[in-house]
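Good morning, and thank you for coming. Please look at the sequence and the structure on the screen, and I shall then go through a few of the contacts within it.

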Amino acid sequence: MNIIFTNNRFNMTNKYHNPAAAQMIAIIFAVIFFNCTVKLFAYDDWEKTKSPFCWNFTCFGEDRGGRVFAGSWGDGLYQLSGSGTTWTKVSTNLQDPYITCMFIDSSNKIFVGTYGSGVCYSTDYGVHWIQTTNGLENLSIKTIIKNVAGNLLVGTNNGGIFRSTNLGVTWLPANHGLWYQDVNSLCLSINGGICAATNGGGFYYSKDDGKTWVRSNATTTGTNYRIDYAYQMLAKIDGNIYATTAHRGIVYSPDGGIQWYELDSLGMKSYNMYAITTNPALLIVAGTRTTGISYYDDKLYNMWKQSDFFTSGPDALFRTSTGTMFAAMPIEGIYSSSDGGKTWKKHSFNNATGLVALTQGKNGLAFCGRTPTGLSISTDYGKSWANAGLDTNTIFCVAIDSSNNILVGAPSGIYKSTNNGGIWTFLGLASMSPKYISVLRNGNIIASANDFNISTNAGVTWKKITIAKDALGNAFGCEFTAGNYNNDIYASAGGNLFKSTNAGTNWTNLSNDVAPLNTLSMNFDYQGNIYASCQWNGLYISTNNGTSWTGDKMGKANVYFLATAFNTQNKLVNIQRVTNGIGGTWIRKSPNNWDSLNSNMTIIDMQSLSTNSLGYTYATTDAIYSRIDSNKLIPPNLLAPASNTTGLNINPSFSWTSSSFAEAYNFEIANDPSFPYSMEYRTQSSTTVTLERPLYYATTYYWRVRAKYNNSLSEWSNVRAFTTIIPPPNLISPADGARGVKRKHDLVWNSVITATNYDYQVATDTLFSSIISTQTFIPDTTVNLTLQDYTQYFWRARAAAGTAYGPWSKYRRYLTAVAPPQLTSPADKSSGMDTVVVMTWDTSVASTKYIILISKSPDFSPDSIIYEGTTDENNRHRMPLLQFNKTYWWKIKAGNDDGYGEFCDPWSYTTGIMASSAILGVIQPV
């Protein structure tokens, strides 16, 4: 089991511009809401892999005609027929017979999700199938639904959610905000929203058809326990969504998945729940991993009540439109209930018996024996299997010798293959049905059925040996045999354990009051210590070749130990049959101190166990489950951004190397190197990530990655730090969209904290490909420019701290004013002008109106101006009745609807001397 310290995380948004304030708010929130409790958390770390010749059932569906279908694990689709308890296989060309989920729409089109081939659909009740994977980047499907808008959504194994708006023809990712992308189930809420249950990240909800996702507040009521592992969900007509969880029983949400509460304060809240449905009375019916099927009576007893089926937990539960309930039970097959889940009836379809033997070779190959379907081989760590070609249907045991040759025990004797199952050679013991085979270091082969046999010449000849006799002189049958690294042989006969150090010639009875009885299997560690698994007596350990023994029963009575193995950390792992509620896989931490490894196993009545030097562990029940020792998962090497990078943009991308065995990665980023909370924390299969939200400017961040296989986790990578760019300055003047800006003007922006200098650019296009003016390393926040008249310009600025530049600001646009007009007459400094003067000028480009000023002073002081106004014509103005012998100054500025430009340079003229008529009393202008 991977034991990992974790803390509840508050995922910050970019609402706050002050990083320190945002961090303080997060800490305060954590103290108030989560009480800052750090928890010791056990991760589920098993995955159900493809199993050879295994077809237990995984899901159910019903079409509009009342036809009921069941998806199988390894044998395609079945339909209920006949008397109602008979199932008939209907699929023929289904690309992947490992069906994980099912949805049937109103047109009776059947959609199924598969283990490795994406989504397939059938329009003829499962006879023919069409695969639809266009855009579906992850082909391992876990759940499929159709929303109120008619869009299909699927949840995948470490690939997130994909949506199809055309019934599966094409798919697009729908993962915005979904940081944990191992999606176990999807469910529609009564208000049209969608809820997602993830493996490691609890619940997410979406209010916009899966376009964006928000993590739910999945902390159970009255506790600080955060729900991270949620499995199956259903929505009831009361508007609540109910979900099964790991070790927290059933939880429900009344608001579409935003808030979650425990269903009850007693009963099953600490159980590992999996399958869920409702009975005709709309009471919750659920299956646990270990106690079978129970139903919740909230009308009479307000408690959980046990059904008559409690030997194992169901993979799936389903209620038809007529009220009949179905349960897919591992190994046992399909059961039905017609009384609301209180009693269950087995159907005529019989699953094959459990997988009885599994071992691994030095090169990582896995070999699995099963009754009655022969031997299979996997070259990809259990992801796919092929028949090993042995011409026998029943396999009792599998062994690997030091040369990586395969030996199998079958009803017809022992067989050997030197080429991974390509060719088989018969070694003898015909019709002896050997149940146990061991290959000693010296090459001797020992085998037992009812008799003990040994071959000292690689199976060419065999010698039958009597181990011990009873009081009447009859030979005891050999129940079990094994050999250690010293070539010593151990065998169980008559319930006692015997040892031979000379190839079976002589035997010593090791059993006594404190020694193993009824030994079922034996293992040896690298120091030669012996570990004997005993029926009903637990584990016995000897450190001195069987002279003395120490018992370990996990602190319980009547523990049925079945087999043991060692992981790569030399920790003892055992499997056991279910007794007194105990079963499954366990790891020994210290004497009588064991930790459960049963998480994510539907059934824990075990069959066999195997480990290898690569770190893979396989355990068989109804199917094959696999995991890997977390110390074999190598932390990824971080690639980009480089450590201590400065000036990084606030929307960075991250990348790292792939890690051996990893199927996914955890990525985490925070602004504290101790990672007290995460800015983002996500699980994904790719080795690159782009953040969902922009980071803060001028802030130092820390990031790390770890590898993930199922839910085994590597150590974190080294932590890298980087600092984001300083922010762009805010532009002040000219304002965006300003018109009539003088051709001589200032560009002004605000200062930026930590900035040492600034750059600006002025261009005539928004792409700044035609730059008119630019300058770098400006120490101030103002520059003076002289640009062209009546031209549109775009400008921007950026700040820098030394040579580390921030981003350019958003550009602003402005329009300069039209050019001043050119005066033409009267000529500058003209004299002898009439008191009625006509002034003319050349028109300016794009000008439509003009303003003229006439003054008695060259400074155009207000009290000196004798005329200010628009002209009566575009290029001339008539000014009558001026005084004689006076000098006047005049200037004009042009304009249009975008504003006026600057005044031109002023000219002057002087009127003439008054004529003699003035003496005769002619009135003169004032």
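**Salt bridges, rings and a strand**

Asp 63 counts as buried, because its relative accessibility is 4%; the term buried means under 20% relative accessible area, exposed means over 50%, and partly exposed lies in between, with a 1.4 Å probe and protein chains only. Before I continue, please note that this is a predicted model, in which local features need pLDDT of at least 70 and side-chain atom pairs count only at pLDDT 80 or more, while totals for chains, interfaces and linings use all residues. Residues are numbered from 1 along each chain as its sequence is written, and side-chain values use heavy atoms, with hydrogens and water left out.

Which residue forms a salt bridge with Asp 63? The partner is Arg 67, and the closest N and O atoms are 2.7 Å apart. A salt bridge here is a side-chain nitrogen of Lys or Arg within 4 Å of a carboxyl oxygen of Asp or Glu. Arg 67 is partly exposed, at a relative accessible area of 26%. In total, the structure holds 15 salt bridges.

Another salt bridge joins the side chains of Lys 142 and Asp 182, at 2.6 Å from N to O. Lys 142 belongs to strand β12 (residues 141-146), whereas Asp 182 is in the loop between β15 (172-173) and β16 (183-188), so the pair ties together parts that are 40 residues apart in sequence. Lys 142 is partly exposed, with a relative accessible area of 25%, whereas Asp 182 is buried at 3% relative accessibility. Together with Lys 708, these two residues are linked in a network of salt bridges.

Glu 902 and Arg 743 also form a salt bridge, with 3.9 Å between the closest N and O atoms. Glu 902 lies in strand β84 (residues 899-903) and Arg 743 in the loop between β69 (738-741) and β70 (744-749), so this pair ties together parts that are 159 residues apart in sequence.

I turn now to the aromatic rings. A search of the whole structure finds 37 aromatic pairs. Rings of Phe, Tyr and Trp (its six-membered ring) pair if their centres lie within 6.5 Å; planes under 30 degrees apart count as stacked, over 60 as edge-to-face and the rest as tilted. Why is the pair of Phe 452 and Trp 507 called edge-to-face? The ring centres of Phe 452 and Trp 507 are 5.3 Å apart and the planes stand at 85 degrees, so the pair is edge-to-face. Both Phe 452 and Trp 507 are buried.

Finally, consider strand β29 (residues 325-329), where five of the five residues are buried. Met 325, Ala 327 and Met 329 point one way, while Phe 326 and Ala 328 point the other way. In a regular strand, side chains alternate between the two faces of the sheet. Strand β29 runs antiparallel to β28 (residues 316-319), and four bridges join them; two strands pair if DSSP finds at least two bridges between them. Ala 316 stands opposite Ala 328 in β29. With strand β30 (residues 333-337), β29 pairs in the antiparallel sense over five bridges, and Met 325 stands opposite Ser 337 in β30.

Terms used: Helices (H or I, at least four residues) and strands (E, at least two) are DSSP runs, numbered from the N terminus.
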